[in-house]
Amino acid sequence: MNPVSSTFLWLNQKGRILSIQPGVGQTLGYPVADLLEKPISKLIPQWTTAVWKRHWAKLMVGETVEVMIRRRPGRGKLMSVHVTLSPVLLDQSHYGFVQLQDYGRPEQEFSQFRQLVDNACDTLYSYRLGPDPGFEYLSPSIERLMGYPPQVYYEDKDLLLSQVHPDDLPRLQGLLQGNAVTGSPLSLRWFHRDGHLVWTEQQDTFVYSPTGEAIAIEGVIRDITKRHETELALRQQAERERLVSAIAQRIRQSLNLEEILQTTVSEVRHFLDSDRVLIYRFDANPAEVPNCHGVVVVESVDRLWKPMLDHQIPLNYEESPELQRYLKGRSYLINDISQETDPVLQTLLNPFQIKSSLIVPILLQSSEGLDHGGLWGLLVAHQCRQERHWQSLEVELLQQLATQVAIAIQQSHLFEKVQQQGEVLENEIRERTQQLQQAIEFDAMLKRITDKVRDSLDESQIVQTAVREVAVVLGVGSCNAALYDLDQGTSTICYEYTNFIPASQGRVSQMGNFPELYTQLMDGCYFQFCSLIPNPVRGRVAMLASPLFDNQGVLGDLWLVHHAEYQFTDLEIRLVQQVANQCAIAIRQARLYQAAQTQVAELEKLNRLKDDFLSAVSHELRTPIANMKLAIEMLKLFVPEEVDSPEPQLVNTAQVTRIQRYLNILNTECTREEELVEDLLDLQRLENNAYLISMSLINLNEWIPTLTRPFYTRVSDREQGLHVDCPKNLPPFVCDRLNLERILVELLNNACKYTATRGDIHLHIRQCEILGEEDSDSREGIEFSIRNQASIPPEELPKIFEKFYRIPNADPWKQGGTGLGLALIEKLVTQLDGRISVESSHGWTTFRVVFPNRQQQLQLNPD
C-alpha cells in the first residue's frame, strides 16, 4: 500500500494544534480554522490526553512515535493513515511535528469486512507495537467479553494488563513484546469487570513493516469460559472420583484414624484449592447433650492463615441454629461471611480471617442401621483470601468424603474395640499362662514336699523343707511353722525360712492372748490380714495363716509374711493350704513313727526282759532241782545193795549225819522252789492287776513288835543289831495287813542278808503328809524306813528293782535268793498306792516306803 499524500501539523506541549499545512482542509475533512488551537484528539481520536502525555514524554527524551491509524475525513471513506510524531526545538521551545501520510485506496472492502467483524461473536483486534503500543481496533464484542467498551481500552492502555490473571501475565507480555510463538492458540484468563473469571483462546498474527519489523498484532479472541468450565467440571469430577477412591482405598488399607483424617484434609484442600480444611469433633452427641463442645482434631492450612488446630468451639442447640441442620445431615454453605446475620457465627469465624465456609456433617450409622446416627463431627473448608461461591460439585465431594470419613471412624472404633478385646484376651492368656506356670511350679513344689513326706519320717527335715519351698517359690518375706502345746496353751515357732523379714524362730506365743487368731485356726480356718500397728522389728506387714490340721485335730499353723501392700491370691492360698495339709500329714506320720519306734523299743526291751526273765527263771528253777538231784544221788549211796541175806544192814552215826544233811538240802531246795513259784505267780498277778487287796485297821504299836520278834533271834546269831523306832502316838493305820507284812519282812530279810557281822539295822515308823499334784492337795500317810550298814554302788541303784537282779558281791552270808523280792515289793507298794525309794551313802542303805492312811476309806466302806 503506497502513500498518496502527506499533511504536516505543529503541536504544543498540551497537544493543541498550532499550525497546519495550507490547502489540506479538504484532505483532513475539517476546515483549518476549526482545527487550530484544538486538541489533536479531534483529528486523531485515539490520541487522548493521557496518550498525548505519554507521547510528549517520549519526545522530551528525543524519541519518535510512529503509529498506523484508520480515519474517515469528513463523510468520506475510511482511509489508512501513517502518523509520525517527531520532536522539534525552536527558540528554546519544544514542539511536536506530526506527519500524516494517507494511503489513497478507498477501503470499501474493508468497510464491508468491518461490518461483519462488528457483528461477530468473537472479538477481533488490531494491536500496534512499537514505541506507542495500543489497540488500533477492538470489535464491540469485547464489552460482552471483558465488561468494558473498546473506547476505554483506546484511552487506557494499561487496562488490558490489569485484567489478565497474574499467572498468565508473563505470557501476555511476551506476546506484546513480539517474543511469543504464534503457531498454536493462546489460552489466557481474565478478570471480568464484575470480578468473575473469563477464559479466552486467541489466535494471533504479527503485522510486519516493509523493513521486516513487527509493527502490529492482529488476531481473534474467543470466549471459552463455558467450554473450560465444562472441561473443568469433567476434570473435577474425575479428580473427585479419584480423590474419593484414593481415600476409600486408604481407609481399606489403614486403620489409623489420625492418618486417614490428616490425609483427607490435605487432599481436600489441594483439590478445592482452599485456604483451610479441617475436621471438628464433638465431645458428645449433640442430639443427647444440649450444651456440648468440640475441638479441631486435624487441619490442613496455608501458612498465610492462622491455624485452628486444637481450638475448642462451643456449640449448643439453642445458640447455634445451624446445628439443627447438621443433626439432619444437611450441609451449611457460607459464600460471604459478611452477609451472615448470625453474630455468634461471625464471632467464631472472624478471628481466623474466614470469608467463605463450607460445612458438611460427619454422621455415624447407628447400631440399628438408621440413615442418621450420632453426629460425630464436621468436615469444614474455609476460603480466606476472598469470598467464594461454593459449587454443587464441591459440596457433593465433601459429602461423599464425609461419608467415607464416617466409615473410617466406625472402622477405627471397631478396630479399637477389637484391639481392646484382643488386649483383654492377650492379658487373659498371659495371666492364664502365668497361672499355669505358677500352677506348674506349685505342683512341682508340692511334689517335692510330698516326696519328702513319703521318703522321710523326720519331722524337722520335712517341715523345714516345706517352709523353705513356700518362701522361695512364692517369694514372700518369711515363712514359718509353729507347733501347738494344747495342754500349756502355747504356740512355738519351730521352723522358719526368711528372705528379708527378721527371723522369729523359737518365739513362744500364749494362744489365750490372741483369741481372734487362734480361735479361727483351731476351727481349721485360714485368714489373711495386714497389721494396723507397725511391729517394732518388721514394721507393717501382710500375713497369711493356715492351720496344720488333720482328721485328728490341729497340730500347729503355717504363717506367710510379706510387705504390707501384698495380697495373697486364691491360688497361693490353696497352695499354702495344701502345703499345710502335707505338713500335718508329715508331723502326724513322724509322731506315729516315733511312737511306733518307742513301742518297738519298748517291745524289744520287754522281749529282752522276757528272755532274761525266762533265762533267769530257768536258771533259778534248775538250781534247786539240781541240788535236790544231787542230794538224792548222795542218798542213794546209803541204800544197801540187794543180797541174798534177809538180815538188815546197820548204818553208823556218820552215815546218819550225812543222810540227815542231804534230807535238809532236799527240804531247803523244795522250799526255795516253792517260794520261787509263788513269787512268780504273785508277780504275774500284780502285773495283771489280779492281786487281791484287803484293807484292815492296823494298830502299829501292837503289830510292829509281833512282826520284828523273829528277827531278834536271827540278828543275835549273826551279832547284828536291830533297832525299832515306833512312836506311841501313831494313829490307827488302814492298809492291807498281809501285803504290808510281806513288804516289811522282805526288806528286813534283805537288811539282815546284806548286813555284815556287828552291823546295825534300823526300822523307823513315823506319821507324814503325802503331797499331791497341787500343793493344797495333801493326805495323811505312814512312812516306814529300813536302814542297814551296807553300801550299794550308785550305778547299781537304778537296777535294784529289776527282776532276778542281785547286787554283785553284796551277800556276806551267801544265802542267795530268787532275785524277785524287790521287784515283787515294788509292785506291791504300787498296788497299795504307795511309794518306795532307795538311797545309799556313807556306808548306809535306806529303803523308804510311804503309804496313805486309808482310815476314811475304811469308814466309808465297812465291808
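These are my notebook entries on what I looked up in a predicted model.

**Entry 1**

I began with strand β7, which covers residues 134–138. I asked how many of its residues are buried. Five of its five residues are buried, and I therefore recorded the strand as mostly covered, buried meaning under 20% relative accessible area.

I then looked up how strand β6, residues 123–128, is joined to β7. The two strands run antiparallel, and four bridges connect them. As one pair I noted Y127, whose bridge partner in β7 is F135. Between β6 and β7 lie five residues, and the two strands form a hairpin. In the turn I found G130 with a positive phi of about 110 degrees.

**Entry 1. The largest cavity**

I next searched the whole structure for cavities of 30 Å³ or more and found two. The largest holds about 100 Å³ of space. Both Y127 and F135, the bridge partners of my first entry, belong to its lining. I listed the other lining residues as Y125, L160, L172, L175, L176, W190, Q202, I217 and I221.

Which elements each supply at least two residues of this lining? I recorded β6, α8 (169–176) and β10 (214–223). The largest share comes from α8, with three residues. I also sorted the lining by class: ten residues are nonpolar, one is polar and none is charged.

**Entry 2. The second largest cavity**

The second largest cavity contains about 30 Å³ of space. I wrote down its lining as F135, L138, I142, M146, Y153, L160 and I221. Two or more of these residues come from β7, and two or more from α5 (141–146). By class, I counted seven nonpolar residues in this lining, with no polar and no charged ones.

I turned to another part of the chain and looked up a sheet. Strands of a sheet pair through backbone hydrogen bonds, either parallel or antiparallel. The sheet I examined is open and has five strands in the order β13-β11-β17-β16-β15, with antiparallel pairing. Why is one side of β13 and of β15 left without a neighbour in the sheet? Strands β13 (294–301) and β15 (332–334) stand at the edges and each has a single partner strand, so one side of each stays without a neighbour there. From one strand to the next, the twist averages 15 degrees.

Helix α10, residues 257–272, touches β11 (276–282), β13 and β17 (375–383). Its direction makes about 50 degrees with that of β13. Helix α13, residues 392–455, also packs on the sheet and touches β11, β15, β16 and β17. Its direction makes about 35 degrees with that of β16.

**Entry 3. K803**

Finally, I looked up K803, which lies in the loop between β28 (778–788) and α20 (821–831). K803 has a relative accessible area of 34%, and I therefore recorded it as partly exposed. Along the chain, K803 and L820 are 17 residues apart, and their C-alpha atoms are separated by 5.2 Å.

Technical notes. Residues numbered from 1 in each chain as written. Predicted model: local features only at pLDDT ≥ 70, side-chain atom pairs only at ≥ 80, totals over all residues. Heavy atoms only, no water. Buried < 20%, exposed > 50% of the residue type's maximum accessible area, 1.4 Å probe, protein only. Pairing = 2+ DSSP bridges. 1 Å grid on protein atoms, 1.4 Å probe; cavity = no way out; pocket = protein on both sides within 12 Å on 5 of 7 lines; lining within 4 Å. Points joined across faces, edges and corners; volume = space filled by probe spheres on them. Nonpolar A, V, L, I, M, F, W, Y, C, P; charged D, E, K, R; others polar. Axes fitted to C-alpha atoms, helices over the stretch in contact; angles between N-to-C directions. Contact = heavy atoms within 4.5 Å.
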